[in-house]
Amino acid sequence: PAFRRFQRGYYRVYLPALAADWLQGPYLYKLYQHYRFLEGQIAILYVCGFASSVLFGLVSSSLVDRLGRKKSCVLFSLTYSICCLVKLSRDYLVLAAGRVLGGLSTALLFSAFEAWYVHEHVERYDFPTEWIAVTFSRAAFWNNVIAVGAGGTADFFAEWLGLGPVAPFMVSIPLLVLSGVFAVKNWDENYGKKRAFSKTCGDGLKCLLSDRRVLLLGTIQALFESVVYIFIFLWTPVLDPHGAPLGVVFSGFMAASMLGSSLYRLAVSKRYHLQPV
């Protein structure tokens with residue numbers, strides 16, 4: 001029972017943050033198109049966001065450990081809320097700054113929350129380490145469900161209610177505020193080991209170059225991610241001229257992703273014994 005209470009406390013903060021993130025997926029390109037920007041200008045805005053994620057991703061773990069995991073989660077709620085508000089502006093440089101803030105927020109979303117959970121699980125509550133996988137597995141399941149629902153929700157506000165492509169970004173803000181408030185009220189602060197950034201990067205580079213498997217895995221992952229990012233950029237301008245409901249299409253993508261995850265888990269289960277080699 002104590003573990004389940006602890007889990008629920010984590011999900012109350014983490015799941016609204018994920019929902020806010022997914023809501024912004026279907027209509028980002030459409031919003032920039034609505035503001036009359038050219039395809040090349042939109043591409044630069046996308047690159048600003050991706051480059052920002054890379055740069056902040058390098059320092060996010062050190063930043064989170066020094067600042068505190070709880071404070072970092074609250075910072076995420078603040079920066080992502082500002083990023084959403086910025087979408088109301090039609091100024092190109094303001095929108096570019098918003099994309100940079102979005103990159104910082106993404107880096108925090110995929111580092112601070114899990115780091116906080118692992119520390120509390122092991123250090124404060126002393127639950128069995130193997131239970132961590134249970135929590136993250138359920139979080140992954142709900143992440144997929146939320147992603148599917150977010151597409152339909154975004155479509156409802158943007159198209160059905162006729163509020164336009166900026167509406168899903170505004171709907172994200174209350175969820176981000178809710179996540180930040182729950183973190184402030186219910187979470188205790190914890191910190192990581194303070195390591196020099198140069199040492200962290202040096203250790204990572206040494207691991208990358210000393211083990212051929214790590215280098216190959218990183219290369220394959222980078223190539224896969226590049227394909228995904230190209231797809232993320234192109235799917236809206238390809239489908240939108242045909243009148244496709246973007247939110248519903250997005251939900252379809254997320255449902256397919258959830259199906260792929262389910263098939264993988266089934267394939268490596270004891271019943272089928274398929275293993276990656």
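A nonpolar core is taken here as a set of buried Ala, Val, Leu, Ile, Met, Phe, Trp, Tyr and Cys residues joined through side-chain atoms within 4.5 Å. In this predicted model, the largest such core comprises 47 residues, and those with the most contacts inside it are Y10, Y32, F76, F113 and W187. At least two residues of this core come from each of helix 1, helix 2, helix 3, helix 4, helix 5, helix 6, helix 7 (131-160) and helix 8. Helix 1 provides the largest share, 11 residues. With neighbours within four places in sequence set aside, the contacts of Y10 are F113, E114, W116, Y117, T135, F136 and W187.

Helix 5 spans residues 92-109, a run of 18 residues. From its first C-alpha to its last, helix 5 reaches 25 Å, close to the 26 Å expected at 1.5 Å a residue. At the start of helix 5, the backbone nitrogen of L93 lies within 3.0 Å of a side-chain oxygen of D91. Buried positions in helix 5 are L95, A96, G98, R99, G102, G103, L104, S105, A107, L108 and L109. These buried residues pack against helix 1 (2-23), helix 2 (28-34), helix 3 (39-67), helix 4 (69-86) and helix 6 (112-124).

Model confidence averages a pLDDT of 93 over the chain, with 100% of the residues scoring at least 70. Confidence is highest in helix 8 (residues 167-186), at a mean of 97, and lowest in helix 9 (residues 197-210), at 82.

Key
Residues are numbered from 1 along each chain as its sequence is written. This is a predicted model: local features need pLDDT of at least 70, side-chain atom pairs count only at pLDDT 80 or more; totals for chains, interfaces and linings use all residues. Side-chain values use heavy atoms; hydrogens and water are left out. pLDDT is the predictor's confidence in each residue, from 0 to 100. Helices (H or I, at least four residues) and strands (E, at least two) are DSSP runs, numbered from the N terminus. The expected span of a helix is 1.5 Å times one less than its number of residues. Buried means under 20% relative accessible area, exposed over 50%, partly exposed in between (1.4 Å probe, protein chains only). Contact means heavy atoms within 4.5 Å. A polar contact is a pair of N or O atoms within 3.5 Å; within protein, one must be able to donate a hydrogen and the other to accept it, and residues adjacent in sequence count only if both atoms are side-chain atoms.
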